[in-house]
Amino acid sequence: MKKFSVLVLVAVAAALCACKEEKVVDPFQEALIAELQKQFTEDFVSVEFQLFEKIDSSTYNDELLRRKKVFEVKSEQDEIMYNKYVGEKKPKNASIQHEKVLKDRAVLVKLDSLAESFGSHAEDIAFYDFHFSVLAKGKSAVMKLDDAYACITPSYEVVGLTTKQRDIHKATGKAVPGYVDIIKDDNE
């Protein structure tokens, strides 16, 4: 009988603890809520995710290759414009385009150098892609996002947020240490 009493007490204690447990919020969701809060006019009273799923991940190498592709295409387009202006005998425009081509090529060289500097960390995760739907309520307003997408780093920084899946990686270069400095140098 004593063993049965002890088992009942343990079961009751476990049930009470389970009832008092608060729902654990995913840190990726917390990061996303903080980012959404920046765009909302008042504090959220409640936030409910109808959908929150990890759909992909990108390594530093993946993201650097994506960025290189962007600058390769930009370089090709600038070179086409340069050749067009040379053919039209517009030296001022040709000179401007030539400078753009040189900057594009310099960025590509810096991206190669940055990729090499990652060494064995090149295959580490730079960010995860999430697909989500959320309903966030303030005291007098509501934010509802259906079929939205976010890119969040393993350190819970939101580096991309969009409602169009094709635009999901537009700003994700920020997830790569050193990339923003390369772009700043290019724009100066």
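Predicted model: local features only at pLDDT ≥ 70, side-chain atom pairs only at ≥ 80, totals over all residues.
**Helix α3**
- The buried residues of α3 include Tyr 60, Leu 64, Phe 71 and Tyr 85.
- Lys 89, which follows α3, has a positive phi near 55°.

**Nonpolar cores**
- The largest nonpolar core has 20 residues, of which Phe 71, Leu 111, Phe 118 and Val 176 touch the most other members.
- At least two residues of this core come from each of α3, α4 (91–118), β2 (125–137), β3 (142–152) and α5 (179–187).
- Helix α4 gives the largest share, 5 residues.
- Leaving aside residues up to four places away in sequence, Phe 118 touches Tyr 60, Leu 64, Val 176 and Pro 177.
- A second, separate core holds 19 residues, among them Phe 40, Phe 132, Leu 145 and Ala 148.

**Salt bridges**
- The count of salt bridges is 12.
- Asp 112 pairs with Lys 68, with the closest N and O atoms 2.7 Å apart; this joins α4 to α3 across 44 residues.
- Lys 74 forms a salt bridge with Asp 78 at 3.3 Å, and these two are separated by about one helical turn because they lie 4 residues apart in α3.
- Lys 74 also meets Asp 104 of the chain in a salt bridge at 3.1 Å, N to O, linking α3 with α4.
- Asp 104 counts as buried at 1% relative accessibility, whereas Lys 74 is partly exposed at 33%.
- Glu 63, Arg 66 and Arg 67 form a network of salt bridges.

Conventions: Residues numbered from 1 in each chain as written. Heavy atoms only, no water. Buried < 20%, exposed > 50% of the residue type's maximum accessible area, 1.4 Å probe, protein only. Core = buried A, V, L, I, M, F, W, Y, C linked by side-chain atoms within 4.5 Å. Contact = heavy atoms within 4.5 Å. Salt bridge = Lys/Arg side-chain N within 4 Å of Asp/Glu carboxyl O.
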